[in-house]
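Dear colleague,

Please find below the structure I said I would hand over. My notes on it follow directly after.

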Amino acid sequence: MSLLRVENLSVSFRTSAEPLQVVDGISFSVARGETLGLVGESGCGKSVTAQALLGLLPPKKSLVSGSIQLDGQELTTLEIDQWRKVRGRKISMVFQDPMTSLNPLLTIGAQIREVVALHQKLSGKALEEEATAWLAKVGIPDPLARLNAYPFEFSGGMRQRVLIALALSGRPDLLVADEPTTALDVTIQAQILELLRKLQEEFGMGMIFITHDLGVVERISDRIAVMYAGRIAETGPSSQILSSPLHPYTDGLLESVPGFRPRRSRLVSIGGTVPSPGAWPPGCRFHPRCHRVLDRCRTDIPPVTEKAGCLWSCHNPLAQTP
Ligand SMILES: Nc1ncnc2c1ncn2[C@@H]1O[C@H](COP(=O)(O)OP(=O)(O)O)[C@@H](O)[C@H]1O
Ligand SMILES: [Mg+2]
């Protein structure tokens, strides 16, 4: 059974005019111990999807429909007090910018102790030891001394490690990491990816790794879901998606990853930009940017085709497996 099963999830925001739809009927699942890479350019609806998974969308301003089942429990109907038992313990999240998620006025130790105490009945010395152990677990050198440091005394990479410790301290079954390495230097990025991979394996948790960079998911994902303009363009095992994508959008993303296709002499970016919610074109939303566009792509929404663990939504896919 899947750990997470998302079915036909849609999210709209209430505006003064019509509700603005930003996620449109997406479905995917994550197995225990599996990492799903959720990829797509900025503005495709990845972060809104993550917020929906964690119940972080303001109920007065948003409409969520469809189903999100975590370990058999439906999350879309949870009340605020029920979320307290789920968030941090069953599902947790790491964000892009560790500075805004840490309190600049409190020491790292105070923040870790506070979160650890939510999950375990510990105090005094035992709480301090557990907090220190978490800093050590995420690779912070000299953890006992670092408990007294403030967030500004940590580098970006070290702050992200603290956030990972906070997110994992409740031993969640599923971690949602939303662009956790985007704000970091390339070498630090690689270290954080490696840390997440290691912890995921150690805890056997499922992970959704969100990024706009297909080059990053390559290293960490078992499967990849490619998102475009509120929908899923294509899903499949990483090796398949990266070596022989079916959707021209995935292919375009791969063309623009430096060094990914070494035989090519130059990087080709996809022309145009992601359409905004409210201005999604009819038919396939990618058609205005697609070099394989057919007449029907302009009018008909492509149906979802499924074969051998791959799902795609395209009228004219690249290399249809026989
Ligand atoms: N609270 C909100 N109210 C209205 N629109 C929003 C809100 N949050 C995000 N959006 C819009 O939803 C779309 C998807 O955003 P987001 O999920 O952040 O994209 P991504 O993470 O893929 O870059 C964007 O067009 C964004 O402007
Ligand atoms: Mg985002």
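This is a predicted model: local features need pLDDT of at least 70, side-chain atom pairs count only at pLDDT 80 or more; totals for chains, interfaces and linings use all residues.

Domains

The domain assignment divides the protein into domain 1 (4-90 + 172-313) and domain 2 (99-171). Their C-alpha centres are separated by 29 Å. Where the two meet, 14 residues of domain 1 are in contact with 13 residues of domain 2. On the domain 1 side, helix H8 (residues 186-203) supplies the largest share of the touching residues, namely seven. By class, that side of domain 1 consists of eleven nonpolar, two polar and one charged residues.

Nonpolar core

The largest nonpolar core contains 77 residues, and those with the most contacts inside it are Ala165, Leu174, Leu175, Val176, Val226 and Met227. Helix H7 (residues 156-168) provides the largest share of this core, eight residues. Both domains take part, since at least three residues of the core come from each of domain 1 (4-90 + 172-313) and domain 2 (99-171). As a general point, nonpolar side chains in soluble globular proteins tend to be buried together.

Leaving aside neighbours within four places in sequence, Val176 is in contact with Ala50, Leu53, Leu54, Ile91, Met93 and Ile208.

Helix H7

Eleven of the 13 residues of H7 are buried, so this helix is largely enclosed by the rest of the structure. The buried residues are Met158, Arg159, Gln160, Arg161, Val162, Leu163, Ile164, Ala165, Leu166, Ala167 and Leu168. The length of H7 also agrees with expectation: at 1.5 Å a residue, its 13 residues should span 18 Å, and its end C-alpha atoms are 18 Å apart.

Ligand 1

Which residues come nearest to ligand 1? Of the 13 residues around the ligand, they are Phe13, Val22, Lys46, Ser47 and Val48. The most comes from H1, with three residues. In terms of class, the shell around ligand 1 divides into six nonpolar, six polar and one charged.

Backbone and loop residues

Two residues may interest you for their backbone angles. Most residues other than glycine have a negative phi. Asp71, although not a glycine, has a positive phi of about 55 degrees. Asp71 sits in the loop between strand E4 (62-70) and strand E5 (73-74), and is partly exposed, with 17 other C-beta atoms within 10 Å. Ala308 likewise has a positive phi, near 50 degrees. Ala308 is found in the loop between strand E11 (304-307) and strand E12 (310-313). Is Ala308 buried or exposed? It counts as exposed, with 8 C-beta neighbours inside 10 Å.

Finally, Tyr150 belongs to the loop between helix H6 (143-146) and H7. Tyr150 counts as partly exposed, having 16 C-beta neighbours inside 10 Å. Not counting residues up to four places away in sequence, Tyr150 touches Pro104 and Thr107. Tyr150 and Ala110 are 40 residues apart in sequence, yet 9.5 Å apart in space, C-alpha to C-alpha.

With kind regards

How values were computed
Residues are numbered from 1 along each chain as its sequence is written. Chains are lettered from A and ligands numbered from 1 in the order in which they are written. A nonpolar core is a set of buried Ala, Val, Leu, Ile, Met, Phe, Trp, Tyr and Cys residues joined through C-beta atoms within 7 Å. A residue is buried if 20 or more other C-beta atoms lie within 10 Å of its own, exposed if 12 or fewer, and partly exposed in between; C-beta atoms are placed from the backbone. Helices (H or I, at least four residues) and strands (E, at least two) are DSSP runs, numbered from the N terminus. Domain bounds come from an automatic or database domain assignment. Two residues are in contact if their C-beta atoms, placed from the backbone, lie within 7 Å. A residue is near a molecule or strand if its C-beta atom, placed from the backbone, lies within 6 Å of it. Ala, Val, Leu, Ile, Met, Phe, Trp, Tyr, Cys and Pro count as nonpolar, Asp, Glu, Lys and Arg as charged, and the others, Gly among them, as polar. The expected span of a helix is 1.5 Å times one less than its number of residues.
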